[in-house]
Amino acid sequence: MKLWKLLINGIQLPRKKAMFALNRTGMDWAMIYTFILLLIASIPALSERLLHPDPPGMNAIFTILYFFMFYYLPLVIMMLIAVAGVAYIVTWIAKQRQRKLKYQIFLKMGLYALAVPLLLYTILVILFPVTTNDLWYALIYVFVVLNVLINHYPKKRKK
């Protein structure tokens, strides 16, 4: 049930109410949420590999094992590194705009902002031929959402 609320708030993310609700969750929930979203986004690729194994006649268990080792795990690592890089850049932008925001907030919000592009990617993969390289567009979306979130916080007070 909590994951469902996180998904709903992640979809509504540029809104203030969703941002403040997600900011109250822990980083552990953000990571679990991201792992599940990436698993959902990789279901079409898994089904493709199960229907057409690379060496014909390969056991389904080995196909699933190879899928998680050589597709899902690298995908998770690349997305985490990419979102961390975007969060770092947005943290620098927030400092330039004189906002009192930390890297951890942007990293968490960036992980939650992945909901829309990953679900859209999953739907598009089912309907059209789309490559994994098109997931890089998700980072542009995350960057835009995080820039909008900067404006929700007030500027630093001068003493």
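Figure 1. R157 has a relative accessible area of 80%, so it counts as exposed (buried means under 20% relative accessible area, exposed over 50% and partly exposed in between, with a 1.4 Å probe and protein chains only). The model is a predicted one, in which local features need pLDDT of at least 70 and side-chain atom pairs count only at pLDDT 80 or more, while totals for chains, interfaces and linings use all residues. Residues are numbered from 1 along each chain as its sequence is written, and side-chain values use heavy atoms, with hydrogens and water left out. R157 sits in the segment that follows α8; helices here are DSSP runs of H or I with at least four residues, strands are runs of E with at least two, and both are numbered from the N terminus. Look for R99 in this view too: 58 residues separate R157 and R99 along the chain, yet their C-alpha atoms are 9.3 Å apart.

Figure 2. Patch members have over 30% relative accessible area and no salt bridge; like charges are joined within 9 Å, and nonpolar side chains (Val, Leu, Ile, Met, Phe, Trp, Tyr) within 5 Å. A salt bridge would need a side-chain nitrogen of Lys or Arg within 4 Å of a carboxyl oxygen of Asp or Glu. Over the whole chain there are 18 positive and 4 negative side chains, and the centres of the two sets are 32 Å apart. Lys and Arg are counted as positive and Asp and Glu as negative, with His and the chain ends not counted; each charge is placed at NZ of Lys, CZ of Arg, CG of Asp or CD of Glu.

Figure 3. T91 belongs to helix α5, residues 60-96. With a relative accessible area of 9%, T91 is buried. Leaving aside residues up to four places away in sequence, T91 touches K102, Y103 and F106, where a contact means heavy atoms within 4.5 Å. Follow the chain on to Q98, in the loop between α5 and α6 (103-113). Q98 is a residue other than glycine with a positive phi, near 60°. Its relative accessibility is 40%, so Q98 counts as partly exposed.

**Figure 4. Helix α6, largely enclosed.** Of the 11 residues of α6, 9 are buried, so this helix is largely enclosed by the rest of the structure. The buried residues are I105, F106, L107, K108, M109, G110, L111, Y112 and A113. They pack against α1 (2-11), α2 (16-23), α3 (27-41), α5, α7 and α8.

**Figure 5. A30 in helix α3.** A30 is part of helix α3, and A30 is buried, with a relative accessible area of 0%. Apart from residues up to four places away in sequence, A30 touches K108, L111 and Y112.

**Figure 6. Buried residues of helix α4.** P44, A45 and L46 are buried in α4, which covers residues 43-51. Their cover includes α3, α5 and α7.

**Figure 7. A nonpolar surface patch.** L120, I123, L124, I126, L127 and F128 form this patch, with about 610 Å² of accessible area together. Accessible areas come from the Shrake-Rupley method with a 1.4 Å probe, and for residues only the protein chains shown count as cover. F128 is placed in the loop between α7 (115-127) and α8 (136-150).

**Figure 8. V148 and P14, brought together in space.** V148 is a residue of helix α8, partly exposed at a relative accessible area of 34%. Although V148 and P14 are 134 residues apart in sequence, 6.5 Å separates them in space, C-alpha to C-alpha.

**Figure 9. Stepping back to the whole chain.** The chain has 8 helices and 0 strands. Its C-alpha atoms fill a box of roughly 70 × 30 × 25 Å along the principal axes. Of its 159 residues, 39% are buried. Among contacts between residues at least 6 apart in sequence, 77% join residues at least 24 apart. The accessible surface comes to about 9900 Å², with 69% belonging to carbon and sulfur atoms.
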